[in-house]
Amino acid sequence: MPAQVNENGPAAPASQPPREGNFLFLSDLLGLPVRGPAGERLGTLVDLLADAAGAYPRVKAMRVRTRRGGEVKRVEWEDVDGWDARRLRLKRGAQALRPLQLLSSEIPLAQDVLDRQIVDTDDAKVERVNDLHLLLARGELRVAHVDVGFRGLVRRMGWQPLVDALVRSLKPGAPYLKTEKLVSWKHVQPLSAGSPRVRLDLSRAALSEIHPADLAEILEDLDRRERAVLFRELPVEAAADALEEVQPELQRELLHALEPEKAADVLEEMQADDAADLLADLPGDESAELLAEMEPSEAREVERLLTYDEDSAGGMMNPEFLRLSPELTATQALEQVRAQAEHIAHLHDAFVLGPGGKLAGVLSLRDIIVARPESRVLGLMHDHPAPLRPDDRARKVAELAAKYNLFSLPVEDEAGKLLGVVTVDDVLEKVLHG
Amino acid sequence: MAESPAAGRATPRSVRLLRSRWARLALVASVVGPGIITANVDNDAGGIATYSQAGADFGYTLLWTLIPITFALILVQEMTARMGVVTGKGLSDLIRERFGVKSTFFVMLALVIANLGNTVAEFAGVAGSLEIFGVPRWISVPAVAVLVWALVVKGTARIVERIFLAACVFYVSYIVAGFLARPDWGEVARGTFIPTLAFTAPALTMVVTLVGTTIAPWMQFYLQSAIVEKGVRVEDYPLSRLDVVVGCIVTDVVAFFIVLACGATIHKAGGHIETAKDAALALRPLAGKYASALFAFGLFNASVFAASILPLSTTYYVCEALGWESGIDKRRDEAPQFYALYATMIVLGAGLVMLPGLPLLKIMLLSQTANGVLLPFILVYMLLLAGDERLMGRYRNGRWLSLVAWATTGILVVLTAAMLWLTLRG
């Protein structure tokens, strides 16, 4: 969410050392001349290194370029005496310049965050970082927000005084003057390939709370490297859900970003029909390798689906669906629903199987809930109006679903054995996107 | 029987296997396209005008310049394509991430100005070519503007790319027009393989303009984004490189035949032309109505083609580099800057051509100047990026390639500076 910030709070570095509890921007510091206690010029500030641990990373050191185009050195933050708009002063001279070094928990802010893509896990959006908003408190400098707004761009151009004055004279109450589009660092997922793991662990929980459709959109908006970094860090379930939602070309790319073992885990977690669609698009040797990595039972299911044309009912059907037997009472049936729910994506309709796995009838979850507890499934179920054959085309399936207002349609073989169930979401996708 | 659901259904299975085999053969289709399309958009209305002028004013004597120009084009485009494949990022993103906001802003500003001018040139090309067939510009220009908008907003990327690839085929019309002009092939061969250059201001200006038209800054952005969009993998890069090289050669073969057609006719008759429309008109009495019609048709095709690509692609780079929401899949209120900029490019591009009495030549000149100012920066940024080990790993420019690339860039920068000096002076 864009945060409201006091107009005089940020920016405008004072000519005396910054006061406690003050906000400032990374762009105010970058490029400052670094001077020793006697005022001797030591170099130029080029980057800040912040410890990624904790909700708001603390700046621990900085990178200083010694001469123009010269060597870059590391200076610990403890050596900083103070700064103003024109210089940054150190407590000691040249001996504060240490060899360049980056601890594994440190993020170089200018190199890996500034100007790069991040994920705002709160708004579920990809943003480009225009500036970093830092907070100086109790002698510590911490990263508080990233600036993704227009005013940040203007500030980076060095035109803020000019543009501000212009806007103020034209329209004193303009929202531009009062709003900074800041994202709290706790919602920021940096994605530079070198991001310390500690940061990724922290935000993993936040990432898995994003709706799969939004996550898919985020993955589509990111550049390829950032996309791979993000996708590798997702927990298996979130990865599977997101993978079901992204476009087919991207599915292949994302699957390639994973180690075969994790890729197989993700495929197992996906709905079998989606997994089969994805595997069908891969080269034969790759899909064989992934199938071999999968749990045998899951792999068998997917392999069976692979034998159908993907635009047919057989290719769209899901072999996992709610199964009941006719002699159960409504109470028992409800227990069955609870027991099977974990593996089944859609619980709207239950399918009653007779001898030999033949479809005996269907009933909706609603039928089970509103029925008297002791009534039998046999009495509640009815015939399905439009059972399908595996080679029925997507178009026909869509027409039947529309005609009878169906949410799910069973697929039977010639002998009447129930093979799987097609749900309208799969049909919609096929009909809309081919 | 009941155990195997596939029994008796051998056909779908083989269909699917066949399809996956096709998919592997279709790897070609999944990689090829960006290079050829980029190269052909390069022969847009402005390009055709330049080549026609080169032929009309200098006959076959400048044909040889197309050979070194082709090499330079291949060198630059290969680097761009490689960066796209390896980094998976567009050029504007890379510039933003490596060189910061200021550089990005000025590069984008120059790119917008240059491409706005180019778009005006494309719509002028539409107006000019259809006037030859008797369609007045107050019909043709708005119609094409709407067509361009619809193609991009309603079409999917895959369909649009196919249409564009098909449009590339129509450039053959220039090759046919070249043959219809009945050139003296001996003279043509001499002009092609024996470099000669009169050190006069008009001849030098022409050479510099030829270089500037062929190697344009926007191409680097477009090609790299198109390759990223296609998701070409590093393993498939050799195919992508082939696409780029073939594209560059095709571009210059088309350019060659345009020079040829005008050299064999207008130059022989001692005529002079300013625009591509002039060329098509001048061909009529000299090479016959078919050559003239083919020339005009080629111009129409090229102008519509480039008018579809330039405004949209420019809008994409600018929005991506500055971190604004972009994409035709976004709603208007989600991506306001994107739609505003795109609409501005199209409305201004088409609108300026419709305004009577506007100095179109001046506008195109301005855009050429913006191109010229931009090119050295783009090339230097590209070389720095392509040589960066952290970014490119083992795909960075090697020592020899670096040397050749920097030398070529040096020559291009000098030539561009010369062109700017000459145009601003003249």
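A:Arg323 sits opposite A:Phe351 of S16(A). The model is a predicted one, with local features needing pLDDT of at least 70, side-chain atom pairs counting only at pLDDT 80 or more, and totals for chains, interfaces and linings using all residues. Residues are numbered from 1 along each chain as its sequence is written, while chains are lettered from A and ligands numbered from 1 in the order in which they are written.

S15(A) and S16(A) (residues 349-353) pair in the parallel sense over three bridges; pairing takes at least two DSSP bridges between two strands. Helices (H or I, at least four residues) and strands (E, at least two) are DSSP runs, numbered from the N terminus. On the S17(A) side, A:Phe351 has A:Val362 as its bridge partner, and five bridges hold S16(A) and S17(A) together in antiparallel fashion.

Put together, the three strands make an open, mixed sheet in the order S15-S16-S17. S15 (322-324) and S17 (359-364) of chain A each have a single partner strand, so one side of each lacks a neighbour in the sheet.

Turning to the helices, H7(A) (residues 212-221) packs against H9(A) (residues 236-245) at about 70 degrees, with the axes 8 Å apart. Axes are lines fitted to C-alpha atoms, for helices over the stretch in contact, and angles run from 0 to 180 degrees between N-to-C directions. That makes the two helices roughly perpendicular, a label covering 65 to 115 degrees.

How values were computed. Angles under 35 degrees count as roughly parallel, over 145 as roughly antiparallel, 65 to 115 as roughly perpendicular and the rest as oblique.
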